[in-house]
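Dear colleague,

Please find below the structure that I am handing over to you.

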Amino acid sequence: MNFVGLADRLAQVRAEIARRQHAGGWTHPVTVLAVTKGFGPEAVRAAVAAGVADVGENRVQEALEKMEHPECRGAVWHLIGHLQRNKAKLVPGKFASVQSVDSLELAEELDRRAAARNVRLPVLLQVNVAGESQKSGCAPAEAPALARRMAALAALRLDGLMTIAPLTGDEDVQRRTFRGLRMIRDRVKEDGVWLQTLSMGMSGDFGTAVEEGATVIRLGTALFGARTT
C-alpha cells in the first residue's frame, strides 16, 4: 500500500487533538498510537518516518513477525488486543506495554513471566465501561479493587486504564464511556493508586476521547486509510 498521505493525515489528527483539548480544558500530552493490525511492515516504516514510533498490535504473533522485519526498526510495540494467558510468555521483553489486561489471572501470569525474564512490564487495566458482552475488559465495579491488586505485583507497572467505546456515531454514548473511564481513574486515585494513562479513543471517536481527557489514542484508518485485509 501507498502511505504517502500519512504525514498530512497525522497533521490533521494533531490539529484535531489541539482543538479538542482546548475544548475540554486539558493541557497534557496525547500520545498517538499507530494501530498496524492488518497492515504490512511498510505501514510501520511509514509511521516511524512520520514521527509516530509507538505502534499498537492486536495479535501477539502478527506483532512478533513484524518485529523481525527490517522495515520495522525504530518502532516501540504495544499490545492492545485480547491476550490469552497461554501466550503471556511471549510478551515480556518484546512489548513496551500491554494495554489489554482484563483479569487478575492474566496479570499474575504476566507478572510471573516478567519476573522470570528480570524485566518490569508496564500494563493498563482494560475496563468494559459500556458493558458490551462482545468486548473484553473487567466490569467497572470491579476495576478499583483489581487495580489495587495489579499495582501490588512486583514485576508489573500499572500505568493506567484502557477502554473501547461502542461502535456508534452517537457522541453522547461515546462521551459517557470515556467519562466513565476517567471517573474510575479518579476513584482509584482516591484509594492511593495514581494512574496517569487513559488509553481511549480510536479513529472514529478519538476527538470525543481527547475532550474527556485521553492521554493515548489508538488510530488505524485515521492514519493509514481503509484496510484491504
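Which residues of helix α5 (residues 143-151) are buried? In this predicted model, they are Ala 143, Pro 144, Leu 146, Ala 147 and Met 150. These residues lie on the same side of α5, because they cover an arc of only 165° around the axis. They pack against the strands β4 (97-101), β5 (121-126) and β6 (156-162), and also against α4 and α6 (171-190).

I turn next to the nonpolar core. The largest one comprises 67 residues, and those touching the most other members are Val 91, Phe 95, Leu 110, Leu 125, Val 127, Ile 217 and Phe 224. Helix α4 (residues 104-116) gives the most to this core, contributing five residues. Leaving aside residues up to four places away in sequence, Ile 217 touches Val 13, Ile 17, Val 30, Thr 31, Val 32, Leu 33, Met 200, Gly 201, Phe 206 and Val 210.

Gln 174 is found in helix α6. Gln 174 counts as buried because its relative accessibility is 4%, under the 20% cut-off. Its contacts, again without residues up to four places away in sequence, are Ala 165, Thr 168, Gly 169, Gly 204, Asp 205 and Thr 208.

Arg 19 belongs to helix α1 (residues 6-24). Its side chain makes a polar contact with the side chain of Glu 16, at 2.9 Å. The C-alpha atoms of Arg 19 and Glu 211 are separated by 8.9 Å, although these residues are 192 residues apart along the chain.

Yours sincerely

Conventions: Residues numbered from 1 in each chain as written. Predicted model: local features only at pLDDT ≥ 70, side-chain atom pairs only at ≥ 80, totals over all residues. Heavy atoms only, no water. Core = buried A, V, L, I, M, F, W, Y, C linked by side-chain atoms within 4.5 Å. Buried < 20%, exposed > 50% of the residue type's maximum accessible area, 1.4 Å probe, protein only. Helix = DSSP H or I, 4+ residues; strand = E, 2+ residues; numbered from the N terminus. Contact = heavy atoms within 4.5 Å. Arc of directions from axis to C-beta. Polar contact = N/O pair within 3.5 Å; in protein donor to acceptor, adjacent residues only side chain to side chain.
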